[in-house]
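Subject: Handover of a structure and its findings

Dear colleague,

Please find below the structure that I am passing on to you.

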Amino acid sequence: MTEISAPGRWDAARAREWYARLPWLVGANYVPSTASNQLEMWQKETFSPEVIARELGWAAGLGMNSMRVFLHDLLWADDPAGFRDRIERYLDIAADKGISTMLVLFDSVWNPDVALGTQPAPRPGVHNSQWVQGPGRALADPQQYGRLQDYVEGVVGAFATDERVLVWDVWNEPSNLNGGRFAELDNKIELISALLPRVFEWTRNAGPSQPLTSGVWAGKTLYDDPHARIQIENSDVVSFHDYQTPEAFEAKLLGLPRDRPLLLTEFMARTPGSTFEGILPIAKRERIASYCWGLVAGRSQTLYPWDSWTKSYADALPDPWFHDVFHADGRPYREAEAAFLKQITARDAS
């Protein structure tokens with residue numbers, strides 16, 4: 001892919017220099033075990049600093065040093081000061097554990113019908129049954145775009161020079177149509193194609209000292225994803241998702257740009273063969289930051305596989321768990337896996 005730089009994009013040398021100052025990053029996509037989605041994590045009534053502190057402590061005990069955490073535009077629209085204060089509290093807790101944070105602004109995955117307030121109970125045995133998109137169906141209303149711009153510029157501006165914030169991930173899996181699980185907007189792909197570059201622009205308007213990214217996720221090559229070119233050409237550091245075997249993971253690396261740092265912002269699904277033991281040695285060798293999906297089994301129910309939307313797991317827990325590292329009481333799901341993480345993340349590990 002020919003290098004094209006969007007206005008304000010870091011050049012590759014700046015991105016490499018930034019990355020060279022960091023340790024090898026290993027962490028998780030984090031939502032507390034008490035939250036089924038982004039809204040439950042952050043709303044005043046269900047925000048739980050005590051749970052966050054306990055669970056991030058478990059992560060730090062394995063050698064994890066970074067988390068990827070999802071925000072939501074409706075939280076800013078409802079109570080910007082309160083939301084900002086809760087983000088501040090979260091960042092304090094994470095930093096106290098030696099953990100940096102990648103913040104995600106928008107997300108195209110799971111339910112596009114979003115509302116603040118008490119969230120529905122998780123559907124028993126169903127993976128991420130109450131996760132919500134952001135902005136969801138507001139995509140179809142251009143009159144909402146001013147509000148979305150206010151959110152992006154407001155939240156990024158509030159933490160634009162905060163060293164606890166590692167990266168801004170502007171949009172998670174923008175082209176995801178969710179496999180028919182929900183009635184999506186007919187022109188969702190086209191709407192995001194037009195809005196995604198603007199979201200990068202809004203983010204840069206806030207003057208962040210941190211780099212921007214948006215992860216390529218679909219297909220075997222960059223061109224299988226209709227938004228991949230937009231994502232990469234606007235990203236300061238290149239991020240991507242991969243839930244495949246080590247062999248397929250290495251093959252995917254051949255198709256990604258290597259002039260900028262690579263961040264694997266989603267991996268680790270045991271059933272299809274994406275495991276810590278299989279992926280992290282490659283990522284460490286290539287110095288690719290790596291974030292598994294899920295930390296503590298809880299209301300997100302991501303220990304169940306994706307096919308739990310159509311296949312019942314009501315009678316027994318899946319074996320193996322699909323995602324997640326800890327039971328809700330802090331016991332590792334697999335002691336050998338926890339020992340491996342401690343070993344590979346140790347500073348003196350070869």
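Predicted model: local features only at pLDDT ≥ 70, side-chain atom pairs only at ≥ 80, totals over all residues.

Pockets and cavity

The largest pocket has a volume of about 600 Å³. It is lined by 28 residues, and those closest to its centre are Leu 22, Pro 23, Leu 25, Asn 65 and Ser 100. Two elements, β4 (165–172) and α11 (335–345), each give two or more residues to this lining. By class, the lining of the largest pocket comprises 14 nonpolar, eight polar and six charged residues.

The second largest pocket holds about 460 Å³ of space. Of the 23 residues that line this second pocket, Glu 173, Asn 176, Trp 217, Tyr 243 and Trp 306 are the closest to its centre. The lining of the second largest pocket has eight nonpolar, nine polar and six charged residues.

The largest cavity has a volume of about 80 Å³. Among the residues that line the largest cavity are Asn 29, Tyr 30, Val 31, Phe 70, Trp 131, Trp 293 and Asp 324. The lining of the largest cavity is made up of seven nonpolar residues, four polar residues and one charged residue.

Helix α6 runs over residues 145–158 and so has 14 residues. From its first C-alpha to its last, α6 reaches 20 Å, close to the 20 Å expected at 1.5 Å a residue. Which residues of α6 are buried? They are Tyr 145, Leu 148, Tyr 151, Val 152, Val 155 and Val 156. These residues lie on the same side of α6 because they cover an arc of only 115° around the axis. An α-helix has 3.6 residues a turn, so residues three or four places apart point the same way. The cover over the buried residues of α6 includes α4 (73–78), α5 (80–96), β3 (100–107), β4 and α7 (188–205).

Helix α1 (residues 12–20) has the buried residues Ala 12, Ala 15, Trp 18 and Tyr 19. Their arc around the axis is only 125°, which puts them on the same side of α1. The exposed residues Glu 17 and Ala 20 are carried by the face of α1 turned away from its buried side. Included in what covers the buried residues of α1 are β4, β7 (262–267) and β8.

Residues in loops

Several single residues in loops also deserve a note.

Gln 43 is located in the loop between α2 (38–42) and α3 (49–61). Is Gln 43 buried or exposed? Its relative accessibility is 10%, so Gln 43 counts as buried. Apart from its neighbours within four places in sequence, Gln 43 is in contact with Leu 75, Arg 86, Leu 116, Gly 117 and Gln 119.

The loop between β3 and α6 contains Trp 110. Although Trp 110 is not a glycine, its phi is positive, at about 75°. Trp 110 is buried, because its relative accessible area is 7% and the limit for buried is under 20%. Pro 135 is also found in the loop between β3 and α6, and a cis peptide bond with an omega of about 10° joins Gly 134 to Pro 135.

The loop between β8 (289–293) and α11 holds Pro 320. The peptide bond from Asp 319 to Pro 320 is cis, and its omega is near 5°. Gln 301 lies in the loop between β8 and α11. Gln 301 is not a glycine, yet has a positive phi of about 60°. With a relative accessibility of 14%, Gln 301 counts as buried.

A residue of helix α11

Glu 335 lies in helix α11. Its relative accessibility of 57% means that Glu 335 counts as exposed. Glu 335 and Val 325 are 10 residues apart along the chain, and their C-alpha atoms are separated by 9.7 Å.

With kind regards

How values were computed. Residues numbered from 1 in each chain as written. Heavy atoms only, no water. 1 Å grid on protein atoms, 1.4 Å probe; cavity = no way out; pocket = protein on both sides within 12 Å on 5 of 7 lines; lining within 4 Å. Points joined across faces, edges and corners; volume = space filled by probe spheres on them. Helix = DSSP H or I, 4+ residues; strand = E, 2+ residues; numbered from the N terminus. Nonpolar A, V, L, I, M, F, W, Y, C, P; charged D, E, K, R; others polar. Expected span 1.5 Å × (residues − 1). Buried < 20%, exposed > 50% of the residue type's maximum accessible area, 1.4 Å probe, protein only. Arc of directions from axis to C-beta. Contact = heavy atoms within 4.5 Å.
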